[in-house]
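Subject: Handover of a structure and notes on its contents

Dear colleague,

Please find the structure below, followed by a summary of what was found in it. I would be grateful if you would read the notes with the structure open.

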Amino acid sequence: MTFPHRHLLGIEPLGPAAISEILDLADSYVDLNRRDIKHADALAGLTQINMFFENSTRTQASFELAGKRLGADVMNMAMQASSIKKGETLIDTAMTLNAMHPDLLVVRHPHSGAVDLLAQKVNCAVLNAGDGRHEHPTQALLDALTIRRAKGRLHRLNIAICGDIAHSRVARSNILLLGKMENRIRLIGPPTLMPSGIADFGVEVYDDMRAGLDGVDVVMMLRLQRERMDGGFIPSEREYYHRFGLDSEKLGYAKDDAIVMHPGPMNRGVEIDGTLADDINRSVIQEQVEMGVAVRMAAMDLLARNLHSEPAGVMV
Amino acid sequence: MTTTLFTNARLIDPAEGTDASGWLMIENGVIRDMGYDAAPPNADAVRDCAGKCLAPGIVDIGVKVCEPGERHKESYRSAGLAAAAGGVTTIVTRPDTDPPIDSPEVLEFVARRASEAAPVNVLPMATLTKSRAGQEMTEIGFLMDAGAVAFTDCDHVVTDTRVLSRALGYARSLGALVITHPQEPGLSKGATATSGKFASLRGLPSVSAMAERMGLDRDIALLEMTGARMHLDQITTARALPALERAKRNGLDITAGTSIHHLTLNELDVADYRTFFKVKPPLRAEDDRKAVVEAVASGLIDIISSMHTPQDEESKRLPYEEAASGAVALQTLLPAALRLYHSGDLSLPQLFRAMSLNPARRLDLPTGRLEAGAPADLVLFDADAPFILDRFTLQSKSRNTPFDGQRMQGKVLASYVNGTRIFGDL
C-alpha cells in the first residue's frame, strides 16, 4: 500500500495501518544503521530543511542524521537567532523558504498548531518535530518501535505514562498512538500536571504511582521542566521525586519484564533514579535514541514518495 | 407630512411576542400605526413587502469601531455600512480603542466622527476606569453629559474590588449603566480555549468554564453591595446561569448578554487552529451553547450582541496562541441568529426581543419596538433566502468572520433609520 499522507503533522490523522507501515520500514532502517556502510539513496537529490524555533539538540541531530543517511541535502536553520527576531511572521518565513524549493521541512515551534499553519502555506512535505503542547509524532513513533521490538507486539499492553502530562506533546502523541494500536494506557501524576478533560481520553488516571504501575508492561517517564518545579505545579523537587520519581522500589510494582523509557533529556534524581536509567536490563532509553533515527528515516522516505505524485486518497 | 405604508408584511413584534402578517404606517420618521386587518389606510407611498419579515431594527451593544487608533481595521463609515447591510440600526460602540475612550474630549471626537460618517444611530460607551487600567474611575458625569450611554472596561476585568465597588457606587448616584466582563482573570490569563478534551488534544492553554461563574459571583456581590445598574457583557456557560437567575430573582438591577458566536458555534469549530474562531471568552462546549440558547429563549439572558471585533489579516495569520481574538459580526448577526430560528430553538419575536427590544429598553431608548410613536428604525428581511457567505463581500474593512464559506439562511432586504432607507432597495 502507499502511505496516504502528504505531511506528518501529528499522530491524530494516522490510521493503524499507516503507523504500522512507518514502523515496518523503520525496522529495515535499523538494520541499515547497524551496518558499516550506513547509506541509502531514498532521498538522493532532495533538500531537507530543519527549522527549529525552539532549542533542540537531540531531535535536530536525529533528523539531520536521518536525512543524511538517506542522501538528502540537509540544512539546519537556527530560527531563534534569525528573522523572527526582526519581526518577520511565521508565514513570511515559510514563504521565503518555500521559494527555495525544499522537499522536506522539519519544524519545531513553541506554539501549538504553528506547524499546521506552516504546512498550509508551503508546497513541500512538512514534518512536525514538536509544536507547543500539541504533538511530537516522531517521538511517539520511535517509542512505539522501541516497544514493539522489546515486547514483540504493539497491542494489548499495559502502558503507564508518568509525570507532566499536561504540558507534554510527547504524552499527547503517545496517548493517541498507543490508543489507536489498542493498548491500555494509564496516566500517573499529580492532578496539577494532568490536562483538562482527561476523563474523556479513554485512559485510566492515577495519582498514586505504585497503584498505577501495578502490573504494567511499559513505564514511560516524562521530563519535568525546571520552571514547573517550584511551587506552581508541585511543592518541590524532592517531594515530587518522593511521590512520582521512578526508582527500583516503585518499579517493583510493574511486571518483572517491564521496560523503562524516557524521551530525554533526563533529570536524574527528579523523575528517575540515575542507576535505574542506566540499568541495561530494564532501561531502553538508549534504544529509543537509536530507533529515533530509523523512524525519522522511514517517515521522510514515505513522505518523499508522495512528493511529486498525486496518488489517489492522499490526505494531510 | 408624508406617510409611507408597508403592506403585506410579516410583522415581528417582540413586545407583544407576535409574528403575523399585517401593515405598518410611518410618518415623518416615526411609526404612526400598524394593524393586522386586510384593509390598511391610505398613504402617500406604499411599499409591498411581499410577505417578508418586518421587524424593529437591531440594537447592538458592544460594537468595536477602531477609531481612534486603528482606522485601517474599521472606521465609522465602514462599520455603519456593515450595520446597515446587517439590519443593525443602532450600534453601541465599545471604548476599548487606542487610546481608549476615557475622557469627554475623546468621546466628543468619536461622536463627531460617528455623526459625520455612519448612516445608523451610533451611541458611544466610555470606559469605567482611566486607560482601562482598573485603578481610577473616569469622569462618569461629564462623560454622560457628552453622550456616553454605558461604562465598561470591556474585556479588562477590574480586579481591584475596592476600585470597582467605588465606581459602581458613584455610577449609581448618576443612574449610569455599568457593563462588566464576568471572568476570573487569574484563571483566564493566557487562555485561548475552554478547558476540556478538545483544548487538551490541541495543546492549547485553556481556562475552566468555572472562571466565568467566579467572575459573575463577584460582580453580583458587588452589585448587591452598591445597588448600581449592571449589565454582563457575555454569559457563555451553563454553570453561570443559576447564579444569574438568583441575582434576578433577588431583584438586583442586572441584565445579561451573550454573543452570537457563542450561540451558534462551539469549541470544535476551531478544528485545526482556525484563528477566525478565536474569540474572547473562547468558544465553549456544545452543552454550554445549548444552555445559553435556552437561557435566551426563557429570557434569563436578555440580550444578543454581535461583539463585532475587527482584526486585520496580519493579526489573524499567526499561530493560534499568538493570533488576535475577535470576529466581525455586524453583517452576519441576523443570518447567524436565524440559524436558531430555523433550528426551532427560538421564534422570531424571541430573537428580536433579545436583539432589538431588550437592548433598547436597557439603554432607555425609544427604538427597538413596533409601536406607535417609536422611531421608524426597521429591518425588512427574507428569513428563508439561502446563500453562501463570502467574507470579501462584507462591508467591514476587516473580514475576520468565522462564517466564511458557510451556508446561511436569511437576507436583509432593506434597513430604515427614522424612516429613511439606509440599505436595500424597497
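Where is D98(B) found? D98(B) belongs to the loop that runs between strand 7 and helix 2 (104-117) of chain B; helices (H or I, at least four residues) and strands (E, at least two) are DSSP runs, numbered from the N terminus.

Before going further, please note that this is a predicted model, in which local features need pLDDT of at least 70 and side-chain atom pairs count only at pLDDT 80 or more, while totals for chains, interfaces and linings use all residues. Residues are numbered from 1 along each chain as its sequence is written, chains are lettered from A and ligands numbered from 1 in the order in which they are written, and side-chain values use heavy atoms, with hydrogens and water left out.

D98(B) counts as exposed because its relative accessibility is 53%. The terms are as follows: buried means under 20% relative accessible area, exposed over 50%, and partly exposed in between (1.4 Å probe, protein chains only). Not counting residues up to four places away in sequence, D98(B) touches P68(B) and G69(B), where contact means heavy atoms within 4.5 Å. The C-alpha atoms of D98(B) and G69(B) are separated by 4.7 Å, although the two residues are 29 residues apart along the chain.

T90(B), by contrast, has its place in strand 7 (residues 88-93) of chain B. With a relative accessibility of 2%, T90(B) counts as buried. Leaving aside neighbours within four places in sequence, T90(B) is in contact with several residues, among them I58(B), V59(B), D60(B), N121(B) and D377(B).

Annotated positions in chain A

UniProt, in an unreviewed entry, places the feature "binding site" at K86(A), R169(A) and R223(A). Its positions are given in the numbering used here, feature names are shortened, and annotations may be inferred rather than shown by experiment. Of these residues, R169(A) and R223(A) are included in the lining of the largest pocket. On a 1 Å grid over the protein atoms alone, a pocket is an open set of points with protein on both sides within 12 Å along at least five of seven lines, whereas a cavity is a set of points where a 1.4 Å probe fits but cannot get out; lining residues have an atom within 4 Å of a point.

R169(A) is found in helix 6 (residues 169-180) of chain A and, at 12% relative accessibility, counts as buried. Residues touched by R169(A), not counting those up to four places away in sequence, include E54(A), R108(A), H109(A) and D131(A).

R223(A) lies in the loop between strand 8 (218-221) and helix 8 (237-244) of chain A. At 26% relative accessibility, R223(A) counts as partly exposed. A polar atom of its side chain lies 3.0 Å from the backbone oxygen of P265(A).

Salt bridges

Side chains of opposite charge can pair when their charged atoms come close.

E12(A) is partly exposed at 30% relative accessibility, while R202(B) is buried at 8%.

Within chain B, the side chains of R284(B) and E212(B) meet in a salt bridge of 3.4 Å, N to O. R284(B) lies in the loop between helix 9 (260-264) and helix 10 (286-298) and E212(B) in helix 7 (residues 210-226), so the pair ties together parts that are 72 residues apart in sequence. R284(B) counts as buried at 2% relative accessibility, and E212(B) is buried with a relative accessible area of 0%.

R94(B) also forms a salt bridge with D96(B), the closest N and O atoms being 3.2 Å apart. In chain A, a network of salt bridges links D24(A), D27(A), R148(A) and R149(A).

Yours sincerely

Definitions and conventions:
Polar contact = N/O pair within 3.5 Å; in protein donor to acceptor, adjacent residues only side chain to side chain. Salt bridge = Lys/Arg side-chain N within 4 Å of Asp/Glu carboxyl O.
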